[in-house]
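Subject: Handover of a structure for your review

Dear colleague,

Please find the structure below, followed by an account of what was found in it.

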Amino acid sequence: MPDILMMVLGVTALFGLVSLLLPLAERLSMPYAVLLALVGIGLGVLASSTLAGFTEYEPGAETLLAVFLPPLLFEAALTVDVRQLGDEIGPVLLLAVVGVVVCTFTAGLALWPISQMGLLACIALGAIIATTDPVAVVGIFRAVGAPRRLSTLVEGESLFNDAAAIAIFSVVLTMLVKNEGGVLTGVLGFLRQFIGGLVVGYLAGAFTMRVIPVLRGNRLAEPTLTIGMAYIVYVVCDHYLGVSGIVAVAAAAIGNFMRYL
């Protein structure tokens with residue numbers, strides 16, 4: 001089967017399965033993210049043992065990121081309380097950027113003396129393992145009624161920590177492959193990717209805010225436009241502007257959501 005048909009079949013099958021798991025999670029009184037993780041593990045075991053035809057098609061990480069990450073991150077950013085996030089933007093960026101940088105270099109420097117890899121390769125590995133996904137924690141917070149400030153800190157940090165780690169990884173990988181640039185080049189590259197993604201994404205969200213009134217409240221046109229904008233912003237930033245597409249998608253969702261304030 002051609003690769004594109006395998007991609008369409010796999011994505012649509014996963015979407016159908018995900019839609020069925022939500023009521024099942026409610027019936028089982030189980031966090032939705034935990035059930036998704038368990039089913040994902042089961043699908044991986046099943047595919048490796050019985051569905052040999054599916055294992056022949058191995059999409060790269062870039063393909064998976066481009067297909068799944070923009071809508072997931074966009075939806076997550078839309079659910080954040082923008083007013084509360086604005087009040088807590090300092091601690092959120094401290095956790096999502098400074099915290100990720102510290103964890104990345106701590107892991108990389110700890111691995112360097114005991115590995116056969118160079119320092120840059122160790123830092124790249126540190127960027128991969130520096131972040132955690134708190135989606136299950138956020139779901140539990142909502143279920144038990146955790147304090148709003150705590151939920152906002154965790155949700156806001158989760159929006160930007162992956163973006164910071166990927167930006168660090170991209171800069172370090174470029175330095176590793178091209179064998180050029182020093183610490184200052186790396187720092188400037190990271191700042192350009194992160195801040196550039198914030199600016200471009202926010203401008204895209206603000207532009208969408210201007211266009212939406214033209215749709216006159218059409219319930220089909222509005223979600224189509226916003227989801228399409230998430231994909232466009234991700235691809236344009238990541239492949240043409242050289243800034244972080246992940247940061248841009250999160251910033252675009254926040255900029256788009258501010259029309260409700």
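Which residues form a nonpolar patch on the surface? They are Leu184, Val187, Leu188, Leu191, Ile195, Val199 and Leu203, with about 650 Å² of accessible area together. Patches are made of residues with over 30% relative accessible area and no salt bridge, joining like charges within 9 Å and nonpolar side chains (Val, Leu, Ile, Met, Phe, Trp, Tyr) within 5 Å. Areas come from the Shrake-Rupley method with a 1.4 Å probe, and for residues only the protein chains shown count as cover. Leu191 is found in helix 10 (residues 183-211); because its relative accessibility is 38%, Leu191 counts as partly exposed. The classes are buried (under 20% relative accessible area), exposed (over 50%) and partly exposed in between, with a 1.4 Å probe and protein chains only.

Please note that this is a predicted model, in which local features need pLDDT of at least 70 and side-chain atom pairs count only at pLDDT 80 or more, while totals for chains, interfaces and linings use all residues. Residues are numbered from 1 along each chain as its sequence is written, and side-chain values use heavy atoms, leaving out hydrogens and water.

Confidence and overall make-up

The average pLDDT (the predictor's confidence in each residue, from 0 to 100) is 79 for the chain, and 84% of the residues score at least 70. Among the elements, helix 6 has the highest mean pLDDT (89) and helix 3 (residues 52-55) the lowest (53). Where pLDDT is low, the predicted coordinates should not be read in detail. The chain has 12 helices and 0 strands; helices (H or I, at least four residues) and strands (E, at least two) are DSSP runs, numbered from the N terminus. Of the 261 residues, 33% are buried. The chain exposes about 15200 Å², of which carbon and sulfur atoms supply 70%.

The nonpolar core

A nonpolar core is a set of buried Ala, Val, Leu, Ile, Met, Phe, Trp, Tyr and Cys residues joined through side-chain atoms within 4.5 Å. The largest one has 40 residues, and Phe160, Phe190 and Phe194 have the most contacts inside it. Helix 9 gives the most to this core, with 9 residues. Not counting residues up to four places away in sequence, Phe194 touches Leu93, Val97, Phe160, Ala164 and Val247, where contact means heavy atoms within 4.5 Å.

Helices 7 and 9

In helix 7 (residues 119-129), Cys122, Ile123, Ala124, Gly126 and Ala127 are buried. Their cover includes helix 6 (89-111) and helix 9 (148-178). Asn161 is placed in helix 9 and counts as buried because its relative accessibility is 2%. Leaving aside neighbours within four places in sequence, Asn161 is in contact with Ala96, Val100, Thr131 and Thr132.

The salt bridge

With a salt bridge taken as a side-chain nitrogen of Lys or Arg within 4 Å of a carboxyl oxygen of Asp or Glu, the count comes to 1. The side chains of Glu88 and Arg149 form it, at 2.9 Å from N to O. This pair links distant parts of the chain, 61 residues apart: Glu88 is in the loop between helix 5 and helix 6, and Arg149 is in helix 9. Glu88 is buried, with a relative accessible area of 10%, whereas Arg149, at 44% relative accessibility, counts as partly exposed.

Yours sincerely
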